[in-house]
Amino acid sequence: MRILLTNDDGIHAEGLAVLERIARTLSDDVWVVAPETDQSGFAHSLSLSEPLRMRKMDDRHYALRGTPTDCVIMGVRKIIGGLPDLVLSGVNSGSNVADDVTYSGTVAGAMEGALLGIRSLALSQAYNVTGDGRIVPWHVAETLAPPLLRKLIETDMPLGSFVNVNFPNCEPEDVAGNRVTTQGKRVHGLWIDERKDGRNFPYYWLRFGREPVEVREGTDLAALRDNYVSVTPMQLDLTAQDLIAPMEQAIA
């Protein structure tokens, strides 16, 4: 089985090294094409206005000055020269659940794989924040992902679908199990932080400001809250099926 790996945290991210160790429990034919720099929040974007610069690190590791989407395309169209059997994106530092999946470069890597007709999964690890910064329990994903992936890659998946997997922030022995979930819903949590530079000109940072949210049972948010691995099947077709009939009636 030929496996293509990418991420959005960059070629030197610890989560990518974890992902490669996970992938090597499944196959020895593992290729890595990852962004040269952090591409978190770039979602499913393409680099169309500037060239893609690629750095070959060794025969199977490449760093690309581009987005996760660019990396998957480059891996398939240029480096591997054909479709791999599996695309794995991650392991992201932090969960990708609820509305966050629309911003996530990690999810976008799997999305691009699905567009190309490849079985694709995104993997993310929830973490804790202390005064010293992020405390990411990478060993949770590394311990639990291999047996879970073996099950998922044997599952029939229609074209245009992919899987978003999130590991909870707890010790592996405290994980309650795997749970198939739906995408949850958060209160919009992005705010504008205005600052002044040395010449008193304003500049702005986007910042997260999470508000409490009522968590619906059966969602990815509920699964992580209850220490389950969240496995969310997703699809490329964004059509709002429930709106077709009322819209047909409205515009008739």
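Val-91 sits in strand S5, which covers residues 86-93; helices (H or I, at least four residues) and strands (E, at least two) are DSSP runs, numbered from the N terminus. The peptide bond leading from Gly-90 into Val-91 is cis, its omega being near -15°. Most residues other than glycine have a negative phi, and most peptide bonds are trans. The model is a predicted one, in which local features need pLDDT of at least 70 and side-chain atom pairs count only at pLDDT 80 or more, while totals for chains, interfaces and linings use all residues. Residues are numbered from 1 along each chain as its sequence is written, and side-chain values use heavy atoms, with hydrogens and water left out.

Ala-43, in the loop between strand S2 (29-35) and strand S3 (53-58), has a phi near 55°. With a relative accessibility of 17%, Ala-43 counts as buried (buried means under 20% relative accessible area, exposed over 50%, partly exposed in between, with a 1.4 Å probe and protein chains only). Asn-200 has a phi near 70° and belongs to the loop between strand S11 (190-196) and S12. Asn-200 is exposed, at 53% relative accessible area.

The UniProt record, in an unreviewed entry, gives the annotation "binding site" to Asp-8, Asp-9, Ser-40 and Asn-92. These residues are spread over 85 residues of sequence, yet they cluster in space, with a largest C-alpha distance of 9.2 Å. Asp-8 lies in the loop between strand S1 (2-6) and helix H1 (14-23) and is buried, at 3% relative accessibility. UniProt also lists residues 3-187 as "domain: Survival protein SurE-like phosphatase/nucleotidase", again in an unreviewed entry. UniProt positions are given in the numbering used here, feature names are shortened, and annotations may be inferred rather than shown by experiment. The span 3-187 is 26% helix and 29% strand, and its end C-alpha atoms lie 36 Å apart.

Which residues lie nearest the centre of the second largest pocket? They are Val-101, Gln-183, Met-234, Gln-235 and Leu-238, from a lining of 21 residues. A pocket is found on a 1 Å grid over the protein atoms alone, as an open set of points where a 1.4 Å probe fits, with protein on both sides within 12 Å along at least five of seven lines; lining residues have an atom within 4 Å of a point. Strand S13 (228-235) and helix H3 (105-115) each supply at least two residues of this lining, and S13 gives the most, with four residues.

The structure holds 12 salt bridges, a salt bridge being a side-chain nitrogen of Lys or Arg within 4 Å of a carboxyl oxygen of Asp or Glu. In one of them, Asp-99 pairs with Lys-185, with the closest N and O atoms 3.1 Å apart. This pair links distant parts of the chain, 86 residues apart: Asp-99 is in the loop between S5 and H3, and Lys-185 in the loop between strand S10 (177-180) and S11. Asp-99 is partly exposed at 21%, whereas Lys-185 is exposed at 52%. Arg-225 and Asp-226 form another salt bridge, with their closest N and O atoms 2.9 Å apart. Together with Arg-179 and Glu-217, Arg-225 and Asp-226 are linked in a network of salt bridges.
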